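Dear colleague,

Please find below the structure that I am handing over to you, followed by an account of what was found in it.

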Amino acid sequence: MKSKLTKQIPMSSDALQQRVMGLREELNKHNYLYYTLDAPIIPDAEYDRLFQELVKLETDHPNLKTIDSPTQRAGGQPLKIFPEVNHRIPMLSLDNAFTFETVQEFDKRVHDRLKTSALILYACEPKLDGLAVTLIYEEGIFVAGATRGDGVTGEQITENLRTIPVIPLKLTDKNPPHLLEVRGEVFMPKAGFKTLNERAIANNEKTFANPRNAAAGSLRQLDSKITASRPLSFFAYAIARIDGKKDVFSTHHESMEYLKHEGFPICPLNHIANGVKGCLEYYQKLVEKRHSLPYEIDGVVYKVDNLDLQKQLGFVSRAPRWAIAHKFPAEEALTELLDVEFQVGRTGALTPVARLKPVFVGGATVSNATLHNMDEILRKDVRIHDTVVVRRAGDVIPEVASVVLEKRPTHAKKIVLPKKCPVCGAEVLREEGEAAARCMGGLGCRAQQKESIIHFASRRAMNIDGLGIKLVDQLVETGFIQNIADLFQIEAESLASLQRMGVKSAENIVNAIENSKKTTFPKFLYSLGIREVGEATALALANHFHDLKSVMQANEETLQTVPDVGPVVAAHIYAFFRQPHNREVIDKLLKAGIHWPTPKPVPSVESHPFSGKTFVLTGTLSELSREEAKEKLIQFGAKVSESVSKKTDYVVVGDAPGSKLAKAENLGVAILDEKQFLKLLNNN
């Protein structure tokens, strides 16, 4: 009922502030009831009235506007670019399982590492098909958010995340932690996806292929107002760190209950399973429910529920040992194979790619699929114009799984391996016992030149910032560079003459090339692009041989003494270093000034005293950077945390340490100065 008063009595400053705070609290409560619990208690019109009142008060009194106000979900000014964010705690990927046997093997590894036969409880969660993000709260207020990116570096998308109604802008806890970092998945419900595409069709706009693409595209809008208009949702699935909270969680399940209490939406299908048998029963139930759920899932995730056991199990490479993703069976569809093209990769391998009549499979429209190699083509008897079964499992590259022979037309043509490279025209050979055929053009082949340079400059190799695919294309096409060693002869003036390349950008790239000269032995080995030598193998080689000359001179028998290096990998390494051109390029790289510190011998992770221990680094270290210290600890099987707790084993203190030192002293955590830390590091 409207008031008959024509004049309103002005509110006092205190009363005004109380009214604004009251409106925010009430709106936050109704947001939670509506979006998270799906249980609204007031009509939409009443909510709108309260919201508009708050908007007016904040507009009339800008000093009362805060970043945690419900009005801030509408989106702000468009950004020009998303700044990069380094995750203090990496957003790790998970190993995948596609069969029950693989899950049982995972469970056995868990038992073996823990040296126990007792039943292990697993936290089971649906694996949502969305975009992983991290949310940071300081003193209970949402202050920053980012995408997963490559797990180490993501994109800062704070303003876009603010627009998602279910993400709390303020924690409900009256005594919140000083810092809380929450990991979760942003996704688009099926109904919202359908509505979004219907709206796009009505407006003659491009539609999205699937809800995951729609969610990712919506979250990466430079204009957050566009994100605010999209039907996005969110489920939290982990606490990455919590600082300044007395409560200590003993299980993953308890941490999820805490988040739920703080207003975060938690997937209602989360479950605690008794042992591997309970996990597989849960999986089977979700397979049956999959298509009836309001959101897309492509599998389930099993996590050891006990956090102490998680700590004991630790991590391997870029994945935790205490969790695994159990993917759903691949989805399949029928279509016609129109033609086959052969692509040339970084190592010269020719990969046959099927050009298909477009077909919707696994949530996406597929027009290309891999045929793997000629052996697979012959085994499956695939021919051009065949009707084929296309399989797509999650984000895995679509493949031609089989041929429907009953539908083979009379004009079907056999697929023939080309005798000449489709890129450079060099001879194509197939070595005995190998599935792949290869171009013999080597670094003289443009395809291999470009790919080897791109790999060399990549973040996990030499990390030459700014040297992307398009620039490499120009450098190779214009003849500025013929191989990776030529990069170190480039001058800024020459770079600046290229299209879309200014003087400042050219100088930045030359500086990045110069900075890349200081690297590590494992990264240098990885950057060379030796077949089958990934980061883990490069690290194993560096730890075993300690210097480049020893690796280059090693025979195949000696190489096979390195952990994880078998006969095939040893043959690839030996062959690479026998090639005069490769030795010539390496010599040029070293003469250009590429260098690294001599690696120290590293014992096996399992036997190392640092294995399974949790370290916190604080202050400035003089002998090595914090990132270098962290990298060494991880190599030894340790975990590096950003916050001190009762579960911390060591705090390493450099110059000008922060509050972490005082907290470590209060908790009785072992403290190491840099000298003590380096002694332990070098003596083990």
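Which residues touch the most other members of the largest nonpolar core? In this predicted model, they are Phe577 and Leu589, in a core of 54 residues. At least two residues of this core come from each of α12, α13, α15, α16 (521-527), α17 (535-545), α18 (548-553), α20 (567-578) and α21 (580-591). Leaving aside residues up to four places away in sequence, Phe577 touches Leu525, Leu528, Ile530, Val551, Met552, Arg583 and Ile586. Another core, of 33 residues, lies apart from the largest one and includes Phe142, Val166, Met188 and Ile239. In soluble globular proteins, nonpolar side chains tend to be buried together.

Helix α13 (residues 469-477) may also be of interest to you. Its buried residues are Leu471, Val472, Gln474, Leu475 and Val476. Among the elements that cover them are α12 (446-457), α14 (492-496) and α15 (503-515).

On the α3 side, the contact is made by Phe100, Val103, Gln104 and Asp107, and on the α9 side by Val276, Leu280, Tyr283 and Gln284. Of the residues in this contact, five are nonpolar, two are polar and one is charged.

Yours sincerely

Notes. Residues are numbered from 1 along each chain as its sequence is written. This is a predicted model: local features need pLDDT of at least 70, side-chain atom pairs count only at pLDDT 80 or more; totals for chains, interfaces and linings use all residues. Side-chain values use heavy atoms; hydrogens and water are left out. Contact means heavy atoms within 4.5 Å. Helices (H or I, at least four residues) and strands (E, at least two) are DSSP runs, numbered from the N terminus. Ala, Val, Leu, Ile, Met, Phe, Trp, Tyr, Cys and Pro count as nonpolar, Asp, Glu, Lys and Arg as charged, and the others, Gly among them, as polar. Buried means under 20% relative accessible area, exposed over 50%, partly exposed in between (1.4 Å probe, protein chains only). A nonpolar core is a set of buried Ala, Val, Leu, Ile, Met, Phe, Trp, Tyr and Cys residues joined through side-chain atoms within 4.5 Å.
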